[in-house]
Every structure is written in structure tokens, then in C-alpha cells.
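Subject: Structure handover

Hello,

Please load it before reading on.

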Amino acid sequence: MQRKLLVSFVAIIFIAIGISIGSFWIKGYQFIDMQSQEFHLTQAQLIGDIFSKEPFASTKDFHAFVEEYSEKYSIRITIISKSGEVLADSSTSEHLENHKDREEIIGALKGESVTVNRYSQTMKKGYSYSAVPVSNGEFNGVLRVSLPLSALSKFDNELFQATIYSIIICFLIATFAALVFTNFLLKPIDEVTKAAVRISEGNYKTKIYTREKHQIGRLAGAFNTMTTNLKETIDSLTQRNIELEAMLTSMAGGVVAIDDSNEILFFNKAFDDIVKPINNKMKGQSLYNVLRNAAIFDAIDEVRKTNANVTMEGMLLSDTNKNIRVTATPLGREDKKWFGVLLIIEDITQIKKLERMRSDFVSNVTHELKTPLTSIRGFIDTLKNGAIKDEKVATKFIDIIDIEAERLSGLIQDILLLSEIESKKDYDTEPVDINQCALAVIDLLEPKLNGKVEIIFEPQSKLRPFICNPGRMKQLLINLLDNAIKYTEKGTVSLSCKDEAGKLLIKVKDTGIGMEKEHLSRIFERFYRVDKGRARKQGGTGLGLSIVKHIVELYNGTIYVDSQLGEGTEFVILLPYSSENES
């Protein structure tokens, strides 16, 4: 404050002095300049009168005239004709350019007496030009008197220096006076300020002593009383805040307390993370303005009715919908007077998701295992009851049992394979020739064609090797082609592999039965079948396309499917060539 006050005083004084002295300097310079111009003009008029009375034989005598009076009065004299031609100049004998366009010459030719200050290109310095109209016999023209401005400039510089010195001296005096005055004025305020700073830093034992008895004295007394009361209050609040902050921070669930008007009293960071409100200034706002959720407000209403703890679950609708568990507890004092509700909100989205996945997986696996096991046990019971004695029947039943056992084995192998792929671990990678891999898979599936389905594949000669696990790539192609063959009673299955825009493009298209659009978003789910009866009849486990999707994701690729009912299905896979592939 002292610095600001000192600077303000000095600035005001400096500005006032500067304006006063500056005005004096400007006015003084203008006055001297005006007087100088009037003197030069008078001098030009006198010499002009002498010129008009001189008996000149011709214009050649003008040179003698300008030389004489130039030396006599130490000035430069120039005689100029009406056309602007310089007839005589006391400063040079050289021919000068036409002066008709000079400001002072233009004025003199109009019959006026003119004085102009200007820089002379001929003499290379500033001059004051005074021009008057003259006539002598038949000659009519202009007589111009020129005086250098060096004298006036010297005076101006001296006046400027004197002005600067005056300002500096006044500034120093004003600064010293302002410093003394502000020290005297602010000394008691500074003592109070220093004591207040010590109090704000936590030193509540500080006392303010001052001899002032008016405003400053009363302020000091109020500070001393405040210090004692503030110390007791802050000690108590600090301890309570430390305990409350530690408790709230350590809680993983969101905590928020509201009063009877549903205004937020306090909340923790976990609540902020769960709710993610648009306005971060939630304290003091109504909970209704922060979020809208039926489970939360049902729990609040139930607590106020029963004055007992309530737990409810629900969905929190946001950018990413969340499952939440709300525990509401009444807030009250020792006198049992309730004044609000404490809410603990837990994000149980992941727990619910895992529960659903576990439930669905157990249900699907149980169902898939139950069917072949029931079939196997039924045929075994039939064999035990005498069918084993009939060799033809027994052989048929044993073949069926073998088929069902193979189906169980395939299901278990697919479950283990899917689990291995989900672990995101890919061992034994190497550059794989996709053309050779595709041809090997086609040869493997050849027995399933039965002459009704034809596989069309044309190897690309410039297809780059793709670095991957050969077994994974074969598994991907086997599942896609086998799936296409199963759902194509008669027709073609086409396979193409290309290098397109730095990615391996794999397309598998069939002319089979196709599927409705409603199934496309779910066909990659485990155990999902579009036609359950047909799938089981064909021996599928329901995990083939799920395995395909996980293999694609293992190599950071994407898979798309398009299908038209009765026309066929097309799978499109894009696998990016990694830096290892590029090398």
C-alpha cells in the first residue's frame, strides 16, 4: 500500500510539473519563433525597399547588390523573377533550379510577404525564408532573405535542457516529500497489517499494540478480541475437518449429504466422479439440479418416512449408463432431530456385468453340455437294457455316442481356445503366406462340400506375408468357411485375400440362406445361433464366430458382416500390417 500511495503522489506531482513546464516551454518556443519570423520579415521588407530604389542598369547588377547587403547584414539574399528563375544568390554563383514552386515564392508573387521555415537542399541545413514582392523599373519579382535556424535551434535545445533539469529536480524533491509523508501516514496501519498477517498465518498469540486511539486503535482492539475467539473455533473446526476429510477420501463410494430442502451440504470426489455434473459448483445446489434418478430419490423418500437405513439399486442414465447401489441414512443430532439425509452411491456396473456374463456363460455351457450328455446316457441305458445283444442296433447306438462325444470334445476345445485367445497372448508368430494358409484350409474342408458347394479362391501374387500365429489364422479361416458351407445348401463360397491400403483384407461371401438384420448385431456372441435346430444338426458349438471375432481383435483388426435373407452372407475382415509386418 505504501508503494502504491508513494507512486500515486509522485505520479500526480510529476504529471502536474510536466504539464506546467511543458506548456511553458511550448508557448515560449512558439513566441520566440513568431518574433523571429516577424524580425526576418521586417528585415526582408527593408532590403526590398532599398532594392526598389537602386538604379540598376541591368539584372546583372543584382549580383553586386546581393553581395553587398549579404555581407553587411550576414544574411543570404536571393533575387527571383516572376517565372521563378533565380537571377542572383549571395551564397552561391552556381545556377539554381527554378524556385517557382517554393511556398514563400508563391506567396510573394501573389503580393504577400511570407516567412517559411524549411530545410534547404542546396545549403544542407534549416533556414528561415522571408520573401517579399519587389519591383525596379521594368523588373517585377521576389526578394528573399534567408537566415539559418541554428541560433533558434540552439536556444530551443537550451530551453529543453533547462526544462528537463527542472522536472528532474522537482521529481526528486516530490519523491522525498511523498516518502516522508507516506511513512508518517502509514506507520500505524503497517503495524496493524503485520499483526494481521501473523494471525492469518496461524499465530493466534499475536497482539496488536498501538498508541492510536481513534479508528486504528479500535481496529487493534477488535483484532485482539478476534484472535482469542478465532483460535478456539479454528482448532475445533480443523480437527473435525481432518477427521471428516480422511473418512470421505478413503471411501470408494460416492458420498453426498443433503438437508431437508434437498440442498447439497457436502460431497466427496467419488460422488463427483460417478455423477460427473455439468456444473462443478454443486455445494448449496438442489440435488434435483445435479442429477435425476428414481432409485436415489425413492431411497430419500423412504428414509424420511421410516427414519431408517434404506438400500436400493437402479440405473444412472448418462453418457455411459451405470448400475448403482444407493444406501440412504438419516442425518440427525444428539437430540434425535433429523435434519437431512446421507447418501452413499456405489458404482456396481462392473459387478452386474460380470454377474450377467457368468450367469449367461454357465447357462449356455450347461445347456450345450446337457444335450449330448443326455443323448449319450439314453443310448447307454438302452444298450444296458438288451440292445447291446443286437449287433446292428448296438453299432448304430455306439456310432451316435461317438458323434455326441466328439461334439462334447469339440465344445470343450472351443471353450479352451476362446479362453486362450481372450488372454491376449499370441505365441509362435511368424510371417505367414496367407495364400498358402487359405489353400490348406480349403483342402481341409473339401470333404464337407459334397459336390453341392463350390469354394472359389484366386490367390493374389503380390500379397505380403502377415506376421501372426499360423494356427490362429487357420482357425479364423476354418470357422468362416465352415460356417459359410453349413448355411449354403447349394451354391458357392468365395474367399478373397488382398493387401489394401496397408491392411490385409479378407472377404468370405456365400450364396446361402442368409439371415435377417435383427441377428447381425448378436451373431458374434457366445452360443448365439440364428437357426438353433440347423446349427445343432450341422454339429456347430455356437462358439465359431465368437472365436473369429476374438482372433480379429487379437491382431487389432475389425470385422463387418452383411447379409440378405435368402441371398447370402458376406464377412469382411481388415487386419492392419504392424511395423513388424512392414519390415
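My notes on it follow, by topic.

This is a predicted model, in which local features need pLDDT of at least 70 and side-chain atom pairs count only at pLDDT 80 or more, while totals for chains, interfaces and linings use all residues. Residues are numbered from 1 along each chain as its sequence is written, and side-chain values use heavy atoms, with hydrogens and water left out.

Salt bridges
A search of the whole structure gives nine salt bridges (a side-chain nitrogen of Lys or Arg within 4 Å of a carboxyl oxygen of Asp or Glu). Glu97, Asp101 and Arg102 are linked in a network of them. Arg102 meets Glu97 at 2.8 Å, N to O. Arg102 also pairs with Asp101, with the closest N and O atoms 3.2 Å apart. Arg102 is buried, at 18% relative accessibility. Glu97 is partly exposed at 38%, and Asp101 is exposed at 56%. The cut-offs: buried is under 20% relative accessible area, exposed is over 50%, partly exposed is in between (1.4 Å probe, protein chains only).

Another salt bridge joins Lys517 and Asp562, again with closest N and O atoms 3.2 Å apart. This pair links distant parts of the chain, 45 residues apart: Lys517 sits in the loop between strand S15 (503–510) and helix H13 (532–538), and Asp562 in strand S16 (residues 558–564). Helices (H or I, at least four residues) and strands (E, at least two) are DSSP runs, numbered from the N terminus. Lys517 is partly exposed at 47%, as is Asp562 at 39%.

Helix H2
H2 covers residues 62–73, twelve in number, and reaches 17 Å from first C-alpha to last, close to the 16 Å expected (1.5 Å times one less than its number of residues). Which residues of H2 are buried? Phe62, Phe65, Val66, Tyr69 and Ser70 are. Ser74 follows H2, with a positive phi near 55°.

Strand S3
Thr115 lies in S3 (residues 114–120). Thr115 is buried, at 17% relative accessibility.

Helix H4
Tyr165 is in H4 (residues 150–200). Tyr165 is exposed, at 54% relative accessible area.

Regards
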